[in-house]
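Please look at the sequence and the structure shown below. The paragraphs that follow lead through some of the helices and strands.

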Amino acid sequence: MSAIRFDDVWKEYGDHIVLERITMEVEPRAFIALVGPSGCGKTTLLRMLLGEEQPTRGQILVDGKPLPGEPDADRGVVFQRYSVFPHLTVLQNVMLGRELRDARFTGRLFGAARRAAADEAMKLLAEVGLAGQESKYPSALSGGMQQRLALAQAIMRGPKILLLDEPFGALDPGIRADIHLLMKRLWNETHLTVVMVTHDLSEAFGLATRVIALERQRNRPEERERYGATISRDLEIFPRRSAELRSPVQPAPIGTTRSGKEHQPGRPGALVLKEQP
Amino acid sequence: MRLVNIRPGRQTRFYLLALPFLLVAIAYFVGSGARLAQNPNDKLLPALPSMVQAVKQMAFEVDPRTGGYLMASDTVASLGRLGSALAISTVAALVLGIVIGLLPGANALLGPFVSVTSMVPPLALLPILFIVMGLGENSKIALIVIGTLPCMIRDLAMKVQELPREQIVKAQTLGASTWQIALRIAMPQTLPRLIDVLRLQLGPAWLFLIAAEAIASDSGLGYRIFLVRRYLAMDVIIPYVAWITLLAFLIDVGLRVLQRKAFPWFASVRAE
């Protein structure tokens, strides 16, 4: 759950300006979809949020603080490919984040700590529909299952922001619809601010609270190098969509509210996650 | 049907596999028979019985001078050198390959140096090794290490760099430090590739072993064949060469099986 602020961000590679004058506020728990033609810098923007690239000018603030210059555990990511580790089983992939956090030197947990992490990972795997697959290697999973695994793996570490780089672009339509439902549920039940790059407009409008289009304003050949893409549309989805905030104190009794019914902790299918401090 | 579409079945495949071996054997024994018919004392192409006799003497009869079985002690000596040299090379290549492949700074520091050293012809260094380290085991092991290590480091660093960038970023978003990335992401994925690299270096390793043993040694398979060369003892040399080939082949098969059993996930990654 983090607010993100882009403060007049530019990205240039040598003489080539890719992005210019990016200024926007992203409220906590928003679900932003970045759309635009290919080569317009959507992925560059995401990589800057990730910390893999630095803005040439301007700055990106998360909760008022400048973004660290390298990726860290506050920002989870799911790529279109290579998001899961081929040498680890499904369960090991999900447990990895916990093991890296709790075992600084060996990167592995043993005994009771391992069993606790495995239990939690198994619950999460059941949530994303991968129960029974835990001892397989990712290569034995379908593309949709691999992306479910990547989501579970990212969420297990408890990031504040989840970055998605065309995560469902390579999936069949039916499978994509299923994983969209899962994505919605995860967004509702965790405390994530989500930024998703996609070139599928129906996906953008179907999932996001806000759709942001990047576009080059000047596209003549002699202008291409010197003018980058910038935000051309910033659309709030209507009717307004927002993440269902779970009350930290006392959940409403079952059946009294629609949201309470949907996301009652303990109900099968509900995601129970501890908020990271 | 076009040749590109004809696939041999299981049985045909076996016969095809055996055919070249059979042809070589037939050519040898025909030639050997012809020469021995002309001169029964010919030493160049000995007949099977005389080779069997020689092997019996080398492998199964106690050598009166050393009190041991020559072929066994030669094999132990050679495999000991080969094994210790390759163990050193493998461990060093694993560590340095990961460091160079993963850390851009280390790559800038050591990458060009390793590339240049891998161009040095190792046999040209052999006299230096003999002068500096003496004629004992160390210089032979050092030759094999020098001959194989730079190529192994270079290949392995390249394999580490070929890991998708996404994986390294993903690991960082799961909170991994550089050390943890090396330990949990890079090393486990490098190990099966290390076996590939090692298999490729087995040929050069045997070459350097035989060369070092031929020049200065008092035991070993290479020493033996160069020793009996003085007596034109082809009946010993040919079985020894076959034995060396068999050993190399078995090591190669062993590594392949190890790769398949220890890293079941690797086959599908490589197929991509």
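In which sense, right-handed or left-handed, does α3(B) pass α6(B)? The crossing is right-handed. The model under discussion is predicted. Two packed helices are described by the angle between their axes and by the distance between those axes. For helix α3 (residues 70-102) of chain B and helix α6 (residues 137-161) of chain B, the axes come within 7 Å and cross at roughly 30°. Angles under 35 degrees count as roughly parallel, and α3(B) and α6(B) are therefore roughly parallel to each other. Sorted by class, the contact of α3(B) with α6(B) has 19 nonpolar, six polar and three charged residues.

Helix α4 (residues 143-156) of chain A packs with helix α5 (residues 173-189) of chain A at an angle of about 10°, and their axes are 10 Å apart. This angle makes α4(A) roughly parallel to α5(A). On the side of α4(A), the residues in the contact include Q147(A), L151(A) and I155(A); on the side of α5(A), they include I179(A), L182(A) and L186(A). The contact of α4(A) with α5(A) has six nonpolar, two polar and two charged residues.

The strands of chain A come next. Strand β3 (residues 31-35) of chain A is mostly covered, with five of its five residues buried. From β3(A), F31(A), A33(A) and V35(A) point one way, while I32(A) and L34(A) point the other way. β3(A) pairs in the parallel sense with strand β8 (residues 193-197) of chain A over four bridges, and I32(A) stands opposite V195(A) in β8(A). Four bridges also join β3(A) to strand β9 (residues 210-216) of chain A, and these strands run parallel. Here V211(A) in β9(A) is the bridge partner of A33(A).

Terms used:
Residues are numbered from 1 along each chain as its sequence is written. Chains are lettered from A and ligands numbered from 1 in the order in which they are written. This is a predicted model: local features need pLDDT of at least 70, side-chain atom pairs count only at pLDDT 80 or more; totals for chains, interfaces and linings use all residues. Axes are lines fitted to C-alpha atoms, for helices over the stretch in contact, and angles run from 0 to 180 degrees between N-to-C directions. Helices (H or I, at least four residues) and strands (E, at least two) are DSSP runs, numbered from the N terminus. Angles under 35 degrees count as roughly parallel, over 145 as roughly antiparallel, 65 to 115 as roughly perpendicular and the rest as oblique. A crossing is left-handed if the near helix is turned anticlockwise from the far one by less than a right angle, and right-handed if clockwise. Ala, Val, Leu, Ile, Met, Phe, Trp, Tyr, Cys and Pro count as nonpolar, Asp, Glu, Lys and Arg as charged, and the others, Gly among them, as polar. Two residues are in contact if their C-beta atoms, placed from the backbone, lie within 7 Å. A residue is buried if 20 or more other C-beta atoms lie within 10 Å of its own, exposed if 12 or fewer, and partly exposed in between; C-beta atoms are placed from the backbone. Two strands pair if DSSP finds at least two bridges between them.
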